[in-house]
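Open the model in your viewer and keep the selection tool ready. Each stop below says what to select and what is there.

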Amino acid sequence: MSRPTARVLTLLELLQSGGTRTVAELAERLGVEGRTVRRYVDQLIDLDVPVESVRGRYGGYRLAPGYRLPPLMFSDDEALAVLLGLVAGRRTGLTTTQHTASETASAKIRRVLPKHIARRLDTLLESLAFTEQPGEFDTPDAGILLTLADAVRHRRPVSIRYTDRAARPSERTLHAYGIVAHSGRWYVTGQDARIGEDRTFRLDRIADARALPGSFEAPVGPGPAQRLLSAFATAEYRHEVTLRIHGTVEQIRAHLPAAVASLEEPEPGHEPAAAQDRATERWRRVELRAERLDWLPPVLAALDRPFVIERPDELRDLVTAFADRLASYARRA
């Protein structure tokens, strides 16, 4: 594929991600001059791609509403990969708000599959089993998901309308670091530009997302997934819990994962020693926050490791009561 043709396809990809793109921005992304961008736009229009010209301060080019993807060609392996991805997405609940979209997409692909491939696919689907039930929760809008993904990739600020868990609406400017799928939900991590602090947002609570002019520097340090887990472990809840547990990192993490609790780790700098320390049974400090404490006694019992409750006293009482109940059950004839 010649470079001019590749650039035209790249231009189409940029426009498909949504929003209005200025000539200067498109020229920078494509590595060409503004007049070349206009020539590429003319080529797209010649291919019946409805590119609109937008006037004004933030004018530029955008795709006309209602534009649909052109026909696609898949190999047998590609078609199977897409169908399996759609099945997995439905089972885990990681789909967009158009719940029927994955089903209609699957039906369209299956209609054109060769019979021998379709039979093999049916055999595979009949043999599949899932450990979890399909998700029963709200899912994000496809347009919002794609707009945020484009903002992450190109480090562009994005304006979002968000409703928090207390049903309080707000408008924020977000420097999005990444999109993370966790426990059946979609999240976006990034810096709230107004307050200059990292935040995590559920995508199904975002009502609108709009790309803004400008850019920001990529952050250093942990990746988006680790930032999300750290945010969960340190979120503000009613109870602050501090424990000391005797065990290895693996033993503790099996019941108190990173999304739930923060764990005292070895000092960085000496990887072999750190790896050995993680596999050594010793007393480790564990901290977590929780809205309720009644779920912790069974977890601590399942750990089957020595532990000390430093705070709160209420948890100590709950564990004692839980142990008494277990003992009374065990004494029954």
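A residue counts as buried when its relative accessible area is under 20%. By that cut-off, buried residues make up 33% of the 333 residues in the protein chain. Keep in mind that this is a predicted model.

**The whole chain**

Start with a cartoon view. The protein chain has 12 helices and 11 strands. Switch to a surface next. Now think about contacts along the sequence. Of those with a separation of 6 or more, 63% join residues 24 or more positions apart.

**Two crossing helices**

Select residues 23–30, helix α2, and residues 34–46, helix α3. How do their axes cross? They come within 9 Å and cross at roughly 90 degrees. The two helices are therefore roughly perpendicular to each other. Show side chains where they meet. From α2, pick V23, L26, A27 and L30. From α3, pick G34, V37, R38 and Y40. By class, this contact has 6 nonpolar, 1 polar and 1 charged residues.

**The sheet of 5 strands**

Move to the open sheet with the strand order β6-β5-β4-β3-β7. Its pairing is antiparallel. Colour the edges: β6 (197–202) and β7 (206–211) each pair on one side only. The twist averages 45 degrees from one strand to the next.

Zoom in on β3 and β7. They run antiparallel and are joined by 5 bridges. Select S159 and look across to β7, where R210 stands opposite.

Select T189 in strand β5, residues 185–192. Is T189 buried or exposed? T189 is buried, because its relative accessible area is 2%, and the cut-off for buried is under 20%. Show its surroundings. Beyond residues up to four places away in sequence, T189 touches H175, A176, Y177, G178, R199, T200, P224 and L228.

Now select T163, in strand β3 (residues 158–163). T163 counts as partly exposed, at 32% relative accessibility. Leaving aside neighbours within four places in sequence, T163 is in contact with R168, P169 and R205. Draw a distance from T163 to R205. The two are 42 residues apart in sequence, and their C-alpha atoms are 5.6 Å apart in space.

**The sheet of 4 strands**

Turn to the other stop on sheets. This open sheet has the order β9-β10-β8-β11, with antiparallel pairing. Which strands stand at the edges? They are β9 (261–263) and β11 (307–311). Each has a single partner strand, so one side of each is left without a neighbour in the sheet. Neighbouring strands here are turned by 25 degrees against each other on average, direction ignored.

Select residues 239–247, strand β8. This strand pairs with β11 in the antiparallel sense over 4 bridges. Find T242, then look across to R311 in β11, which stands opposite.

Finish with residues 313–331, helix α12. The helix packs on the sheet and touches β8 and β11. Its direction makes about 140 degrees with that of β11.

Terms used:
Residues are numbered from 1 along each chain as its sequence is written. This is a predicted model: local features need pLDDT of at least 70, side-chain atom pairs count only at pLDDT 80 or more; totals for chains, interfaces and linings use all residues. Side-chain values use heavy atoms; hydrogens and water are left out. Buried means under 20% relative accessible area, exposed over 50%, partly exposed in between (1.4 Å probe, protein chains only). Contact means heavy atoms within 4.5 Å. Axes are lines fitted to C-alpha atoms, for helices over the stretch in contact, and angles run from 0 to 180 degrees between N-to-C directions. Angles under 35 degrees count as roughly parallel, over 145 as roughly antiparallel, 65 to 115 as roughly perpendicular and the rest as oblique. Ala, Val, Leu, Ile, Met, Phe, Trp, Tyr, Cys and Pro count as nonpolar, Asp, Glu, Lys and Arg as charged, and the others, Gly among them, as polar. Two strands pair if DSSP finds at least two bridges between them.
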